[in-house]
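I opened the model today and kept notes as I went. Each entry records what I looked up.

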Amino acid sequence: MQPSIPLGRIAGIPISANWSLVALMALLVWDLKNGVFPASDPGQSGGVYLLMGVAAAACFVLGILLHEFGHALQARREGMTIHSITLWLFGGVARFDGFFPTGAAELRIALAGPAVSLVLGFGLLGIAQVSAVPLAVQTVIWWLAIINIILGAFNMLPALPLDGGRTLRGTVWAITGNLDRATHTALRVSRVVALGLIAGGIMFAVGSGNAIGGIWLAVIGVFVLQAAAAELRASTVAPPTGARQIRDVMHPFTASLTPNTPISELAAAVASAPPGTAYPVIDDGEVVGLLVCDVIAALPPDRHARARVADLMIARRDLTLIDPETTVATAREAVSRDRWGRALVVDGGILIGIVDLVDLTGRRFAI
Ligand SMILES: [Zn+2]
């Protein structure tokens with residue numbers, strides 16, 4: 001992407017606009033002034049149509065920004081760090097540090113953007129029905145309602161890196177627990193959707209005479225094909241910068257549990273632990289399992305008194321164990337196949353730490 005123009009910070013997140021947005025704006029204002037608004041609200045002067053076009057285009061960009069904030073604020077709730085939001089030719093891009101912590105988190109983050117656009121779109125549609133404002137204003141509101149609904153619906157196309165593609169991958173990832181399998185499933189569907197957009201766009205351009213609309217669809221299809229290929233590279237080989245071995249990225253354990261500890265004794269500590277916190281379970285100096293705190297949160301409180309750590313832990317035989325000298329690339333494969341997306345780091349039989357998918361992917365992901 002070309003250099004972008006900084007626009008300031010909102011909620012601590014740097015916002016910028018790419019130069020391609022200026023081109024999109026010019027094209028949009030021209031189309032609204034000469035085509036859309038004269039057709040829906042005839043009899044106005046050229047100056048009024050220009051004013052309507054500029055206002056509608058500016059509010060459209062605001063709608064894209066709100067859509068991206070939907071993603072960014074949900075990502076923040078999932079514990080991710082938001083790097084920036086950039087507005088560009090195809091809408092907006094929110095960038096995050098690290099990787100989605102779980103499939104369910106990716107699903108929620110992906111859905112948050114289109115949810116904002118659809119609520120905005122249907123809200124504006126309601127306002128356009130009842131308002132007693134001048135027809136010119138009503139026409140602009142009506143157009144904004146439709147464009148936000150289209151933005152929300154279009155983004156739900158099941159093609160990576162669109163929101164629908166992330167929704168699909170997050171769902172498959174959450175169900176199977178296997179990120180690689182989920183990525184490949186989503187990419188296969190993405191390719192079919194991309195080729196459909198290209199073919200459909202060409203047919204639409206030739207058949208309907210709306211050349212710009214058809215070419216636009218085909219260009220988005222090409223963009224999806226390229227972006228899906230980049231997504232595969234980012235998801236399969238993403239070693240953090242500088243880190244070569246697991247020793248460099250793992251977290252040492254600060255506490256451990258014994259198998260016979262009652263869950264009721266842990267409830268208070270677990271309530272304040274960040275999502276995904278896990279403790280090793282040690283018996284006689286040997287690792288016998290791993291307790292993920294989220295499991296306790298899911299257990300009804302009346303069962304806390306009877307349950308012990310041994311009842312809720314992941315048993316050693318089901319865990320992925322790796323050596324601290326393992327390369328990040330090799331570990332990344334093993335961890336993405338692990339049901340819980342984690343591996344325990346064991347050095348000569350002694351447990352020294354844990355790594356998860358977030359530690360093994362230093363890349364920024366965008367939505
Ligand atoms: Zn989105």
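My entries follow, going from the whole chain to single residues.

**Ground rules**

I am working with a predicted model, in which local features need pLDDT of at least 70, side-chain atom pairs count only at pLDDT 80 or more, and totals for chains, interfaces and linings use all residues. Residues are numbered from 1 along each chain as its sequence is written.

**Whole chain**

I began with the inventory. The protein chain has 13 helices and eleven strands. Helices (H or I, at least four residues) and strands (E, at least two) are DSSP runs, numbered from the N terminus. I then looked up the box that the C-alpha atoms fill, and it is roughly 85 × 40 × 35 Å along the principal axes.

Next came burial. A residue is buried if 20 or more other C-beta atoms lie within 10 Å of its own, exposed if 12 or fewer, and partly exposed in between, with C-beta atoms placed from the backbone. Of the 367 residues in the protein chain, 36% are buried.

I also looked up contacts. Two residues are in contact if their C-beta atoms, placed from the backbone, lie within 7 Å. I took contacts between residues at least 6 apart in sequence, and 64% of them join residues at least 24 apart.

**Strands 1 and 2**

I moved to the hairpin. Two strands pair if DSSP finds at least two bridges between them. Strand 1 (residues 4–10) has seven residues and the number buried is zero, so strand 1 lies largely in the open. Strand 1 pairs with strand 2 (residues 13–18) in the antiparallel sense, over six bridges. Pro6 has Ser16 of strand 2 as its bridge partner. The two strands form a hairpin with two residues between them.

I stopped at Ala11, in the loop between strand 1 and strand 2. Its phi is near 50°, a positive value in a residue other than glycine. Is Ala11 buried or exposed? Ala11 counts as exposed, because it has 10 C-beta neighbours inside 10 Å.

**Helix 2**

I checked the length of helix 2 (residues 46–77). The expected span of a helix is 1.5 Å times one less than its number of residues. Helix 2 has 32 residues, so it should span 46 Å; its end C-alpha atoms are 47 Å apart, which agrees. Just after helix 2, I found Gly79 with a positive phi of about 90°.

**Helix 3 and its neighbours**

Axes are lines fitted to C-alpha atoms, for helices over the stretch in contact, and angles run from 0 to 180 degrees between N-to-C directions. Helix 2 and helix 3 pack at an angle of about 145°, with their axes 7 Å apart. Their crossing is right-handed. Residues in this contact include Gly63 and His67 of helix 2, and Arg108 and Ala112 of helix 3.

A crossing is left-handed if the near helix is turned anticlockwise from the far one by less than a right angle, and right-handed if clockwise.

How do helix 3 and helix 4 (residues 135–155) cross? Their axes come within 8 Å and cross at roughly 155°. That makes helix 3 roughly antiparallel to helix 4. Angles under 35 degrees count as roughly parallel, over 145 as roughly antiparallel, 65 to 115 as roughly perpendicular and the rest as oblique. The crossing of helix 3 and helix 4 is left-handed. Among the residues in contact are Gly113 and Pro114 of helix 3, and Gln138 and Trp142 of helix 4.

I picked out Ala104, which sits in helix 3 (residues 103–130). Ala104 is partly exposed, because 15 other C-beta atoms lie within 10 Å. Not counting residues up to four places away in sequence, Ala104 touches Gly170 and Ala174. I also looked up Leu321: it is 217 residues from Ala104 in sequence, and 24 Å in space, C-alpha to C-alpha.

Two bridges join strand 6 (residues 286–292) to strand 7. Gly289 stands opposite Ala315 in strand 7.

Another open sheet of three strands runs in the order 8-9-10, with mixed pairing. Strand 8 (321–322) and strand 10 (350–356) stand at the edges with a single partner strand each, so one side of each is left without a neighbour in the sheet. Six bridges join strand 9 (residues 342–347) to strand 10, and these two run antiparallel. Val345 stands opposite Gly353 in strand 10. Helix 12 (residues 328–337) packs on this sheet and touches strand 8, strand 9 and strand 10.
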